[in-house]
Amino acid sequence: MALQLTLTFLILGTTVILFMTNRLRTDLVAVLALLAMVLTGILSPAEALTGFSNSVVIMIAGLFIIGAGILRTGLAQMAGSLLLRYSGDSEKRLFVLLLLIVAAVGAFMSNTGTVALMMPIVVSIAISIQSSPSKYLIPLSYMASFSGLLTLIASPPNLIISQMLVDNGFEKLGFFQITPIGIIGVVVGLIYMFLIRNTLLPASQTSNSGASQHKLSPKQLAIDYELGGNLYKVKVPADSDLAGKRLAQLKIPASFHLCVLKISRKSVESMKLLPMTYQEMAGPDSIIQPKDRLYVQGSLANVEKFVDAYGLIIEEQEPEASELISKQFGIAEVLLTPHSSFINETIRGIGFREKYNVNIIGLNRQGDYVVRDMTKQRLRFGDSLLIQGAWDSIELLAKETKDVVVIGQPKEHAGAAAASGKAMIAGTIMVLVVGLMILELFPAVISVLIGAVLMIVTGCVRNMDDAYGQINWESIVLIAAMLPMATALEKTGGMVMLAEGIVDLLGPIGPVGVLGGIFLLTMLFGQFISNTATAVLFAPIGLSAALSMGVSPYPYLIAVAVGASMAFSTPVASPTNALVMTAGNYRFKDFVRAGVPLQLIMFVVMLIAIPLLFPL
């Protein structure tokens, strides 16, 4: 057992060093530590893999999907805009208001859930004000941890110590009994983070990628190529000669120098007799039907010739180019590769529509945008083509690497287009999840999974593939691989040995000294294992220490709950830190630099506050 204890601390120390050096990815380091525990016999394979079935890990995966729905539907941007309106032009007021909202939300749901739900909003706000999300995401994580002390249900350690009291014949904690401690934590934490936000927090511009994605968004591309000025909506009357004919027969590009991009038609649902609008991408085999609307690209003169020839009606001149973007269809930009077979070929001659089932509707040649009479243009290396078609076809084209490369992230844009206009649905789902967690009708993980499934079923997240793509698997693996560390420490007796040593060492100083020792040790181990595991291990020690000295157990168990929540100094200290690490582009030392001073401050503050509010 002594050998295993030594090996456990050796593996733990090596893991911490590897985290600090930042030479290997954190998830790889965590998996290596897990394997080391198994290979040395400290953990069985079953014990090592328990983290991957842990409800916290499953819940975090579900929260990523809920967060994606909040972001995709535009709810995050709406919330950010509302927050910006109330904060005005003051970045200071915005910072304070944002953290207060996080604290209010976190008082009634888990800190992990709070961070996952608020992170899209925070990132959206940071990008909108051209700031770095890294200035906001560590404060978001820290404030969510403080909010866990505001109510009994806000954090698992609170429930653990309350149950410990009941099991030993004491009164359980009231719903708001721990709130004064939480308020002190929120106030002190807010002041600290406000003061260090421009000094200890990194200012790396992680928002650059977001800015580039915005530049390449479908709506922005439509503006850049000035599609609105070359787009016309043409109606096919019931008696038009065009009705019943295939586009291939009509040879519209050759005869009129026009391109039919999309066909919109109204149909009747057989059962409910509700009028519905269907859209299809125009292709050679598309058959024109009476009362169809054709979206035609080209010059007004050519459109008028086309209309006169077939008795059509120009229903709308220069409709919004955004009408080309919908749940089914979109636009994207592709770049010719150096060895593309399309180089020196004309757009008409490469058969792009036939090969990829998408239309070429624009050409960008060194900043000159061409959308008219481009079919005879010979393509050159460096040319960019604007394409239009079904999102599925564009995603398939993105896998093509020989001739063209799709610029940007069509999957992201397709998801945003599919979720457009569903912000209220996403908001309702979010409120439902929060309500279920507050009422505790189901375990928290089930409430989150209900929300995640609803996001997919309602179209706030495009489909299951999109949902899986939104999960940050690095964070999931990191958390799942680190959870069994608590099992190893408990199994080898390392946790109990250290805790009892602190009690024996500080017992002569008195109850306050023992309180400080338990708080410090709980906080120390909370940097490497979950707050739940830390509370489970240290709550019995705090209780037995209080009973052996003949004093009230409440301050000691409160110290355990608070210490377990003060996980600020490492990215693996809590799931919230792991969540923001990737999004904020943080390194291990960023958490050390911002977290260690805060923990020292909270140690002093809580050592004064706990005995005052919960007398020994």
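Tutor: Phe 95, Tyr 136 and Phe 194 are joined into a cluster by ring pairs. Rings of Phe, Tyr and Trp (for Trp, its six-membered ring) pair if their centres lie within 6.5 Å; planes under 30 degrees apart count as stacked, over 60 as edge-to-face and the rest as tilted. The model is predicted, and local features need pLDDT of at least 70, side-chain atom pairs count only at pLDDT 80 or more, while totals for chains, interfaces and linings use all residues. Residues are numbered from 1 along each chain as its sequence is written, and side-chain values use heavy atoms, with hydrogens and water left out.

The structure has 10 aromatic pairs. One of them is Phe 146 with Phe 568: the ring centres are 5.3 Å apart and the planes stand at 45 degrees, so this pair is tilted. Phe 146 belongs to helix α8 (residues 134–147), and Phe 568 to the loop between α27 (554–565) and α28, so the pair ties together parts 422 residues apart in sequence. Helices (H or I, at least four residues) and strands (E, at least two) are DSSP runs, numbered from the N terminus. Both Phe 146 and Phe 568 are buried, where buried means under 20% relative accessible area, exposed over 50% and partly exposed in between (1.4 Å probe, protein chains only).

Ser 145 is also in helix α8. Ser 145 is buried, its relative accessible area being 4%. With neighbours within four places in sequence left aside, Ser 145 is in contact (heavy atoms within 4.5 Å) with Asn 111, Ser 565, Phe 568 and Thr 576.

Helix α28 (residues 575–583) also packs against helix α22 (residues 473–482), at an angle of about 150 degrees and with the axes 9 Å apart. That makes α22 roughly antiparallel to α28. Axes are lines fitted to C-alpha atoms, for helices over the stretch in contact, and angles run from 0 to 180 degrees between N-to-C directions; those under 35 degrees count as roughly parallel, over 145 as roughly antiparallel, 65 to 115 as roughly perpendicular and the rest as oblique. On the α22 side, Glu 474, Ser 475, Leu 478 and Ile 479 meet Pro 575, Ala 578, Leu 579 and Thr 582 of α28.

For the chain as a whole, 54% of the 616 residues count as buried. Of the contacts between residues at least 6 apart in sequence, 77% join residues at least 24 apart.
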